[in-house]
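Welcome! Here is a short tour for anyone meeting this protein for the first time. Take a look at the sequence and the model before reading on.

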Amino acid sequence: MNTVKVAVVGAGVIGLSTAVCLAEALPYCSVNILAEKFSPDTTSDGAAGILLPRVFPDIPLERQRSWFKETFDHMLSIVESPEAPEAGVLLSSGYQIFQEMLADPTPYWTDHVFGFRTMTAQEMKRFPNHNFGQAFTTIKCECLRYLPWLEKRFRKAGGQMNCEKVTDLQQLIPHYDVIVNCSGVSSRHLVGDETVYPVRGQILKVHATWLKNFIWDADGKNYIYPGIDYVTIGGTQQKDDWRLEVDKGDSEGIMERCIQLEPSLQKAQVLEEWVGLRPGRKNPRVESEWLQAQDYQVLLVHNYGHGGCGISLSWGCALDAVGLLRKSLYEKPPCAKRFRMNTVKVAVVGAGVIGLSTAVCLAEALPYCSVHLLSEKFSPDTTSDGAAGILLPTVFPDIPLERQRRWFKETFDHLQSLIESPEAPEAGVFLSSGYHIFKEVPADPKPYWSDYVFGFRFMTDREMKRFPNHKFGQAFTSIKCECPKYLPWLEKRFRGTGGQIKCEKVTDLQQLIPHYDVIVNCSGVLSHHLVKDEGVYPVRGQILKLHATWLKNFIRDGDGMTYIYPGIDYVTIGGTRQKDNWRLEVDKGDSEVIMERCIQLEPSLQKAQVLEEWVGLRPGRKNPRIEREWLQAQDRQVLLVHNYGHGGCGISLSWGSALDAVEL
């Protein structure tokens, strides 16, 4: 396969992090790092490396929060692994002290560090010139170890490193499809950005093994950071100063100020004095543009200007840059004169809401994949077509709650964006308000999804009088997604991206291996036979569709067995949850019981006309299966990604699960 050629300019922590994320997330890119200097000679190598960001004025706080959280989580995963010593990543506890009380004493990053608290009066006595302090545990990343560890990871992903001084990006255009500028303060000359400037930082490395906790004065000029082999003390923040020579006066000032904070440093031996130029900028520049070269354009992604926060935001900004690259190439692929590529052939098996969502996300996120949707049945004949479609998930026992939260949030946000668009009626997506009632107070009366639906509250005693057999209730507005409309809308969107749909019964994945590079299994309950997963089983669901136009609000019994969901053209009432029952025939006895139970909740249903009775088999499983493996066929391996087993939560988690599968 001819790959997309990517040049990353710069080999500091921003450049290497970006190169690694690109090489690992986009394996069909050939990624080259170009830099005049590599570790141990980069600015990053001298950084103290404590994860402690500041707030940038013109960047949405949520984006900054994402940058820090992604970086912290990445570093924490290293801390918890055997690679921590080699990578130079460790937990570090200590104090951040202030001469005056803060306007905002709980900055956004406090949600991610450990044990954040206000220092006690007794602790503050140690710092008589300061009136306020915060204690917490964060992460320290020592780039003298971390950068070589990243280089090793980059090479393992197929990346290449070239020692080359880049003075003009135009010199790269004939050789690359994409350029990623991570050149730090050199961007002032390389891309003519006069808003980036040097912030000269001088530090000392001292031998002081008795120090374990950091101290950081909030003015940013005084800090003591114990590390693996030495303690870093500093420093200076000299704007527009390009000097790289050690200033003995600065060294004396640093030592004097740090001894005031930690008198025992009088006994410390100075091992080294070091100077580096941080890339100062009002806000980091993480954005994309296009470079013109004769009759074609080259994508240019910028990732620089982080000041003293480069390590603190490195992984999150790298992931952001990868997202910009992926999005830009999808919207405007490289010119065919420059770029030819055999596409990666992907087969998605299954055309319910999980399969179609996954196919759309694949086709849109990876435009150089040729995505085929294979299924024996399409809308209106899938299990999803009969689902009531209210966004209301359950909790799965063995999947981290944060992952489940992300699946639901991404699905809710996706469908909410449809509601706010002119396409809502065609897509069958709308807001739906109502009640979730319980015979007993649940163990968790405020579930995780309550943060995303609208107006979540506990029902009043007056409201509960309507349901005398129930003791507790929740009222909120969620989203209803009607698959007889939504699936055709997804099919249209899929075809619009170049996706192909084939009516084909797949009974053995081996039959697909000669024809596809990747197989995505979204076959639902059929995975019981297709991939021999005995953990998946049918949960037979029977529902009735009624004509009851006077009903507007939903009612759902907490046991999940009884529900009333008003829709666009009819009201869905249900239901049954019959495990290991493969029957697809309508059971008149079930219909009678469903009607009886629903009339108890909503007596006016006695007047409703039954339009249709329907049966489907939900793909029951203890936990959804969203993971990957490799299929072997003679001398060839094919990637197999699974995305099935959501039970009655398929619609509620469909888009988030699809995005997860795309990442896998």
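## Around E273

Leaving out neighbours within four places in sequence, E273 is in contact (heavy atoms within 4.5 Å) with I203, L204, V246, K248 and S251. E273 sits in strand β13, residues 269-280; strands here are DSSP runs of E of at least two residues, and helices are runs of H or I of at least four, numbered from the N terminus. With a relative accessible area of 25%, E273 is partly exposed. On that scale, buried is under 20%, exposed is over 50% and partly exposed is in between, using a 1.4 Å probe and protein chains only.

A word on the model: it is predicted, so local features need pLDDT of at least 70 and side-chain atom pairs count only at pLDDT 80 or more, while totals for chains, interfaces and linings use all residues. Residues are numbered from 1 along each chain as its sequence is written, and side-chain values use heavy atoms, with hydrogens and water left out.

## The chain as a whole

The chain has 664 residues, and 57% of them are buried. Its secondary structure comes to 16 helices and 30 strands. Along the principal axes, the C-alpha atoms fill a box of roughly 90 × 65 × 45 Å. If you take the contacts between residues at least 6 apart in sequence, 76% join residues at least 24 apart.

## Another partly exposed residue

Where is W242? It lies in the loop between β12 (238-239) and α7 (248-261). W242 is partly exposed, at a relative accessible area of 41%. Not counting residues up to four places away in sequence, W242 touches V185, R188, H189, P198 and L277. Between W242 and V571 there are 71 Å, C-alpha to C-alpha, and the two are 329 residues apart in sequence.

## Nonpolar cores

In soluble globular proteins, nonpolar side chains tend to be buried together. A nonpolar core here is a set of buried Ala, Val, Leu, Ile, Met, Phe, Trp, Tyr and Cys residues joined through side-chain atoms within 4.5 Å. Which members of the largest core touch the most others? Among its 69 residues, they are V6, Y146 and L325. Helix α8 (residues 310-331) gives the most to this core, with 10 residues. A second, separate core has 62 residues, including V348, A351, V353 and W449.

## A strand covered on both sides

Strand β7 (residues 178-181) is covered on both faces, with V178 and V180 buried on one side and I179 and N181 buried on the other. Strands β1 (residues 4-9) and β7 run parallel and are joined by 4 bridges; two strands pair if DSSP finds at least two bridges between them. One of these links is from V8 to its bridge partner V180 in β7.

## A cavity inside

There is 1 cavity of 30 Å³ or more, where a cavity is a set of points on a 1 Å grid over the protein atoms alone at which a 1.4 Å probe fits but cannot get out. Grid points are joined across faces, edges and corners, and a volume is the space filled by probe spheres set on the points. The largest cavity holds about 60 Å³ of space.

Its lining residues, which have an atom within 4 Å of a point, include D45, K140, C143, I203 and Y230. Helix α5 (143-156) and strand β8 (197-207) each supply at least two residues of the lining.

How values were computed. On a 1 Å grid over the protein atoms alone, a cavity is a set of points where a 1.4 Å probe fits but cannot get out, and a pocket is an open set with protein on both sides within 12 Å along at least five of seven lines; lining residues have an atom within 4 Å of a point.
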